[in-house]
Amino acid sequence: SRPCFLAEECTGETHMPPYSKQPSRFMVDGTAFQSDLIRQALGRLKQNDPSGAERLCAEVLNADPHDAWAIHAMGLAAHQTGRQNEAVRLLREAVRLAPAQPEFLNNLGAILGRLGKLDEVVDVLKNAVALRPVDCETQQNLAVALRGAGRFDESRAAFNRAFFGAVDRRVGSRSIRGDRVQRCFHRR
């Protein structure tokens with residue numbers, strides 16, 4: 001599943017790293033990741049059980065107060081319970097601890113977007129695109145944020161990168177939503 005995105009309602013969905021089938025504790029970018037507990041916490045978020053997710057994350061953070069994935073999940077739980085400022089603080093901390101995780105940046109951008117901080121969203125998502133330039137969803141999110149900030153030419157370019165990147169990788173253009181493209185190209 002994918003992170004919650006700026007132009008979509010957040011359902012607590014988050015992207016699990018491709019290595020999530022590895023043993024329960026392993027290293028990612030030099031930081032420990034307790035996959036079983038975090039996977040359970042993210043599952044609780046999908047079930048709209050943020051308090052259950054927070055309890056599981058607290059277990060991880062008791063063992064390792066600098067676990068970026070646990071802090072990230074705590075930020076998503078704070079978002080689900082309407083504590084947006086706390087969510088932003090936690091997600092910024094997760095990004096600080098693991099700056100090479102575009103999922104963290106995507107979710108931070110989504111919450112900042114809901115708070116109307118479009119210039120910050122653009123900066124955050126540009127960093128996510130720099131980390132994973134072939135990610136069409138990230139390009140889409142950036143395009144939506146740029147359009148919201150009134151930066152239409154940049155938005156059009158980001159949509160083009162997303163669309164043509166998807167086609168080039170034979171993923172197809174089905175992930176590029178027509179309504180997003182229409183909104184991008186039609187100024188209000």
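**View A. Glu-93 is partly exposed, at 26% relative accessibility, and pairs with Arg-96 in a salt bridge.** Partly exposed lies between buried, under 20% relative accessible area, and exposed, over 50% (1.4 Å probe, protein chains only). The model is predicted, and local features need pLDDT of at least 70, side-chain atom pairs count only at pLDDT 80 or more, and totals for chains, interfaces and linings use all residues. Residues are numbered from 1 along each chain as its sequence is written, and side-chain values use heavy atoms, with hydrogens and water left out. The closest N and O atoms of Glu-93 and Arg-96 are 2.7 Å apart; a salt bridge requires a side-chain nitrogen of Lys or Arg within 4 Å of a carboxyl oxygen of Asp or Glu. The two residues are about one helical turn apart, because three residues separate their positions in helix α4. Helices (H or I, at least four residues) and strands (E, at least two) are DSSP runs, numbered from the N terminus. Arg-96 is exposed, with a relative accessibility of 54%.

**View B. Glu-54 and Arg-83 form a salt bridge between distant parts of the chain.** Their closest N and O atoms lie 2.5 Å apart. Glu-54 belongs to helix α2, whereas Arg-83 sits in the loop between α3 and α4, 29 residues apart. Arg-83 has a relative accessible area of 29% and is thus partly exposed. Glu-86 joins Glu-54 and Arg-83 in a network of salt bridges. The structure as a whole holds eleven salt bridges.

**View C. Lys-126 and Glu-154 meet through their side chains in a salt bridge.** The N to O distance is 3.5 Å. This pair also links distant parts of the chain, with Lys-126 in helix α6 and Glu-154 in helix α8, 28 residues apart. Both partners are partly exposed: Lys-126 at 35% relative accessibility and Glu-154 at 34%.

**View D. Helix α3 (residues 68-80) is largely enclosed by the rest of the structure, since twelve of its 13 residues are buried.** The buried residues include Trp-69, Ile-71, His-72, Met-74, Leu-76 and His-79. From first C-alpha to last, α3 reaches 18 Å, close to the expected 18 Å; the expected span is 1.5 Å times one less than the number of residues. At the start of the helix, a side-chain oxygen of Asp-67 comes to within 3.0 Å of the backbone nitrogen of Trp-69. Gly-82, with a positive phi near 85°, follows α3.

**View E. Helix α5 (residues 102-114) is likewise largely enclosed by the rest of the structure, because twelve of its 13 residues are buried.** Among the buried residues are Pro-102, Glu-103, Phe-104, Asn-106, Asn-107 and Leu-108. They pack against α3, α4 (84-97), α6 (118-131) and α7 (136-148), contact meaning heavy atoms within 4.5 Å. The end C-alpha atoms of α5 are 19 Å apart, in agreement with the 18 Å that its 13 residues should span at 1.5 Å a residue. Gly-116 follows the helix with a positive phi, near 80°.

**View F. The largest nonpolar core has 43 residues.** Such a core is a set of buried Ala, Val, Leu, Ile, Met, Phe, Trp, Tyr and Cys residues joined through side-chain atoms within 4.5 Å. Leu-45, Phe-104, Leu-108 and Leu-142 have the most contacts inside this core. The elements giving it two or more residues are α1, α2, α3, α4, α5, α6, α7 and α8 (152-168), and α3 gives the most, with nine. In soluble globular proteins, nonpolar side chains tend to be buried together. Leaving aside residues up to four places away in sequence, Leu-142 touches Val-122, Leu-125, Lys-126, Val-129, Ala-158 and Arg-161.

**View G. Asn-48 has a positive phi, near 60°, in a residue other than glycine.** Asn-48 is placed in the loop between α1 (35-46) and α2 (50-63). With a relative accessible area of 56%, Asn-48 is exposed.

**View H. The chain contains nine helices and two strands.** From the N terminus on, its elements run β-β-α-α-α-α-α-α-α-α-α. Of its 188 residues, 49% are buried. Among contacts with a separation of 6 or more, 53% join residues 24 or more positions apart.

How values were computed
A polar contact is a pair of N or O atoms within 3.5 Å; within protein, one must be able to donate a hydrogen and the other to accept it, and residues adjacent in sequence count only if both atoms are side-chain atoms.
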